[in-house]
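Please read the following report alongside the sequence and the model. It moves from the whole chain to a few individual side chains.

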Amino acid sequence: MSNFFNVFSTREIALFIWFLLFLFFVSRTKEVRHSIGGVIKAFFQKKLILTFGSLLVYMSFIIYVLNFLGLWDISLLKDTCIWILFSGMVLFLNISKVEKASYFSKLVKDNIKVIAIWEFIFNFYTFSLIGELIIIPIVSMFTILQVFAEHSSLKKAEHKKVAILSKNILGVIGLATICYVTYKTIVEYELLFTYANLKSFLLPIVLFVLTLPYFYVLTLYVNYDSFITIVKHFHRNESPSVSKDLIKATLRYANFSLNSLKRVWKYHVHFDASKDNPFDYIKKVSRKPKYTIGDTAKLTIFNNIRKVINKLSNNGIGKLDEWHKSYDEENCYYSMMNYYTFGNDEILIIPNSLAYYLTGEETYIKQLDLVLDIGYQQNRQQALERFIELIKLTFDSLSILMPENLTKSIITSKRYCQKYNTHNVLINYEKFERIEKYTFSIVTE
């Protein structure tokens, strides 16, 4: 038993105890046991086992090399297993959600930063087992309460107070923990700054960096597998050679580029076998768009397409995609985003949604649209407040002045048009049976 306590920290033991208690509590009902059985059954599907097995083989190879170089020993086995079970599994299960190669560079920034040192020290200096058993459920409870209250405050404003209270309590606990850890670091620094602890600290970073090639290749494999299936299905009514040539062309021109593959995935639906050559078409759509700053638009910032896309993508409702030619309209280029939904999210209720749309020509933006859809059962006032707030952010992002009477026209649901020398500002309002639609536009001259 003493060896068990020497291997695992009091925090890890406390987490394990609470996990067993939680598992025992939730598994008392037949429905939950059936659900847990379904999850376990799903995990043991042949394809998933083979894929996860390849991760374990790759990890074994990495550990062998690190051990051969003297950078790994048996004392790091626990840390290695914990990394695989948590960080490794999170990366493994999120592979299907990766949209761009920048996902991996962001992960590198998140893992290799100063805060990682604090996280290591926090986990190094733990409280007694009794203390950890008390603190863990308290922190968990207030964290869940904060998340739930912030979410529900969209429907009930009074829940915002609960979210603020929970956040303040967590802040006090965090501050007290920082003081405790800082004190222990100063008083017992000789216990912290050892070669063994340095290896333990660097291990997660090293494992993460060395497994990135594996996860990138796995992401490519998953995306190519799905892409090939979709292409065969979408072009099933055409000659079999069409889908085969599209797949061959994609393998040639997208190759190992996840971003190029995603572009091809998006635009293969516009392929017209009667007028397009598969290889020429895929070569064209797989290319990264070239952003040139021109002088056509009177609203100067609309000549800098990349800058506008980046600024609007930082306004909190999603990322605009790359500037691409429309294959439905001649000489038309556009950028759009997925709908950002908010408000009451019950299944049978139509959600509110917001989205940016940019249209124009190759070297400049002609029109910016911000579209708000309000479901008929939603809190209309809150939706309009969010819309107005985002319009203000849009003007700030573009560094242009917002008309004083624009907000009033939105609240009163009236159409609006304000003309300037360089651009026009418009509000269009439409009401349907179950949706109200507001469109805010900036159109350059």
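## The chain as a whole

The chain exposes about 27,100 Å², of which carbon and sulfur atoms supply 63%, the areas coming from the Shrake-Rupley method with a 1.4 Å probe, where for residues only the protein chains shown count as cover. This is a predicted model, in which local features need pLDDT of at least 70 and side-chain atom pairs count only at pLDDT 80 or more, while totals for chains, interfaces and linings use all residues. Residues are numbered from 1 along each chain as its sequence is written, and side-chain values use heavy atoms, with hydrogens and water left out.

The chain has 17 helices and 8 strands, taken as DSSP runs numbered from the N terminus (helices: H or I, at least four residues; strands: E, at least two). Of its 445 residues, 36% count as buried, where buried means under 20% relative accessible area, exposed over 50% and partly exposed in between, with a 1.4 Å probe and protein chains only. Among contacts (heavy atoms within 4.5 Å) between residues at least 6 apart in sequence, 62% join residues at least 24 apart.

## Glutamate 436

Glutamate 436 lies in strand S8, residues 435–444, and counts as buried because its relative accessibility is 13%. Its side chain takes part in the two polar contacts tabulated here, a polar contact being a pair of N or O atoms within 3.5 Å; within protein, one must be able to donate a hydrogen and the other to accept it, and residues adjacent in sequence count only if both atoms are side-chain atoms.

| Side-chain pair | Polar contact |
|---|---|
| glutamate 436 and arginine 380 | 2.9 Å |
| glutamate 436 and tyrosine 429 | 2.5 Å |

Not counting residues up to four places away in sequence, glutamate 436 touches several residues, among them Leu372, Asp373, Ile374 and Lys431.

## Aromatic rings

A search of the whole structure finds 10 aromatic pairs, defined by rings of Phe, Tyr and Trp (its six-membered ring) whose centres lie within 6.5 Å, with planes under 30 degrees apart counted as stacked, over 60 as edge-to-face and the rest as tilted. Phenylalanine 52 and phenylalanine 92 form an edge-to-face pair, 5.4 Å centre to centre with 70° between the planes. This pair links distant parts of the chain, with phenylalanine 52 in helix H4 (residues 46–68) and phenylalanine 92 in helix H5 (residues 77–93), 40 residues apart. Both phenylalanine 52 and phenylalanine 92 are buried. Elsewhere, Tyr58, Tyr214 and Phe215 form one aromatic cluster.
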